Amino acid sequence: MTPGNLSPIIPLFHDFSIPFLLSTIIPSFHHSIVPLPPVWSLIWTLAVFVFGACIGSFLNVCVYRIPREISVNRPRRSFCPRCQHVIAWYDNIPLLSILLLRGRCRRCGGRISLRYFVVEALVAALFALVWLQYCSPGGPPILGMTSIEDWRLIPIYWLAVAGLTLGTFVDFDFLIIPDRVTLGGIALGLILSAAAPALHRAGIWYQGLLRALLGASVGWGALWLVAQVGRLIFRRDAMGFGDVKLLGAIGAFLGWRAVLFVIMLSSLLGSVVGITLIAAGQKQLRSRIPYGPYLALAAVVWMLWGQGIWRLYLEFVFPPMPLP
Ligand SMILES: [Zn+2]
């Protein structure tokens with residue numbers, strides 16, 4: 001990113017800057033406010049990145065514990081899965097500790113999966129991207145992303161990112177998606193759509209709620225139908241019911257357009273990866289491949305770039321009429 005891209009961010013951070021805070025204490029300072037250097041926006045984005053890494057670290061705990069039915073907050077401290085030794089705080093710093101320990105437990109020397117690092121980095125990057133979506137209201141989009149105008153969408157998108165990450169990695173490990181993510185996601189999606197109708201580009205709470213209900217029904221219904229057809233053709237469950245519920249949750253958060261997009265992109269990605277794995281001899285035609293991660297990935301793409309993609313799609317289906 002070039003420094004020029006960050007210029008629309010500056011006015012936003014101005015209100016939280018030290019010159020501004022000083023000016024609230026010393027009124028005369030107000031007149032000496034100078035334009036802020038882009039360094040402030042970088043600091044804020046970095047702070048969000050660190051926050052995201054911490055959430056990613058917590059999600060690693062959830063991915064390990066929820067499907068094993070271990071309480072998320074008891075034991076309070078993380079432990080090494082191999083020697084069960086409680087991990088000291090200085091060995092549990094997101095992103096950094098695993099690098100400093102070179103991927104090994106300090107006590108037993110057992111390998112720490114690289115995936116813990118990947119999840120922390122992924123969530124940190126996605127949190128920062130959502131934050132940057134908010135930084136260009138009315139201005140040029142950063143990285144081509146859909147800009148967010150309502151600040152309430154930031155924590156809601158963060159929550160969605162967290163839920164999708166949790167569902168994805170549990171699905172990789174156990175071929176299930178926890179009901180906490182799917183049914184919990186539907187319930188939260190409906191509540192948050194009423195609380196922040198801007199999530200569905202609506203103005204009033206009941207419009208937001210209705211659009212969330214529509215999105216959840218389209219998501220659940222469409223994939224339920226695919227599952228039924230798949231069962232008739234393959235004479236076995238071609239699709240897990242967790243995927244059906246997950247798309248319901250995605251619809252509740254993001255609406256029916258997102259559902260259509262997610263079905264298209266996830267089936268495309270899923271078949272490309274599936275065919276590649278079968279061709280490489282890693283999987284058989286009948287082996288079960290988790291579908292949740294593709295749904296989640298497509299949903300994140302929609303959150304970040306959806307409006308632009310939708311516009312391109314409309315221009316493709318309804319090309320602008322040439323002037324006579
Ligand atoms: Zn250990």
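This report walks through the helices, their packing and a few backbone details of the structure above.

**Ground rules**

You are looking at a predicted model, in which local features need pLDDT of at least 70, side-chain atom pairs count only at pLDDT 80 or more, and totals for chains, interfaces and linings use all residues. Residue numbers start from 1 along each chain as its sequence is written.

**The overall fold**

The protein chain holds 11 helices and zero strands. Helices here are DSSP runs of H or I with at least four residues, strands are runs of E with at least two, and both are numbered from the N terminus. Of the 324 residues in the protein chain, 32% are buried. A residue is buried if 20 or more other C-beta atoms lie within 10 Å of its own, exposed if 12 or fewer, and partly exposed in between, with C-beta atoms placed from the backbone. Among contacts in the protein chain with a separation of 6 or more, 65% link residues 24 or more positions apart. A contact means that the C-beta atoms of two residues, placed from the backbone, lie within 7 Å.

The expected span is 1.5 Å times one less than the number of residues in the helix. Buried residues of α8 include Gly 208, Leu 209, Arg 211 and Trp 220. The buried residues of α8 pack against α7 (179–195), α9 (241–254) and α10 (256–279). Just after α8, Arg 235 has a positive phi of about 55 degrees.

With α9, the side of α8 that takes part includes Ala 212, Gly 215, Trp 220 and Ala 227, while α9 brings residues including Asp 243, Lys 245, Gly 248 and Leu 254. By class, this contact of α8 with α9 has 12 nonpolar, four polar and two charged residues. In this scheme Ala, Val, Leu, Ile, Met, Phe, Trp, Tyr, Cys and Pro count as nonpolar, Asp, Glu, Lys and Arg as charged, and the others, Gly among them, as polar.

| Pair | Angle | Axis separation |
|---|---|---|
| α5 and α6 | about 155 degrees | 10 Å |
| α3 and α6 | roughly 40 degrees | within 10 Å |
| α8 and α9 | about 155 degrees | 6 Å |

Axes are lines fitted to C-alpha atoms, for helices over the stretch in contact, and angles run from 0 to 180 degrees between N-to-C directions. Angles under 35 degrees count as roughly parallel, over 145 as roughly antiparallel, 65 to 115 as roughly perpendicular and the rest as oblique. The α5 and α6 helices are therefore roughly antiparallel, and α8 and α9 are roughly antiparallel to each other.

Now for the partners of α6. Helix α5 (residues 114–133) packs on helix α6 (residues 153–174), where residues including Leu 122, Phe 127 and Trp 131 of α5 meet residues including Tyr 157, Trp 158 and Phe 169 of α6. The contact of α5 with α6 has 13 nonpolar, one polar and no charged residues. From α3, Ile 55, Leu 59, Cys 62 and Val 63 meet Ala 162, Thr 165, Leu 166, Phe 169 and Val 170 in α6. That contact of α3 with α6 divides into eight nonpolar, one polar and no charged residues.

**Helix α10**

The 24 residues of α10 reach 34 Å from first to last C-alpha, close to the 34 Å expected at 1.5 Å a residue. Ala 258, Val 259, Phe 261, Val 262 and Ser 266 are its buried residues. The buried residues of α10 pack against α8, α9 and α11 (292–317). Just after α10, Gly 281 takes a positive phi of about 80 degrees.

**Backbone details in the loops**

Most residues other than glycine have a negative phi, and most peptide bonds are trans. Against that background, the peptide bond from Arg 74 to Pro 75 is cis, with omega near 5 degrees. Pro 75 sits in the loop between α3 and α4 (96–100). Leu 95 is found in the loop between α3 and α4 and has a positive phi near 65 degrees. Leu 95 is partly exposed, with 17 other C-beta atoms within 10 Å. Leu 175, in the loop between α6 and α7, has a positive phi of about 55 degrees. Leu 175 is partly exposed, with 14 other C-beta atoms within 10 Å.
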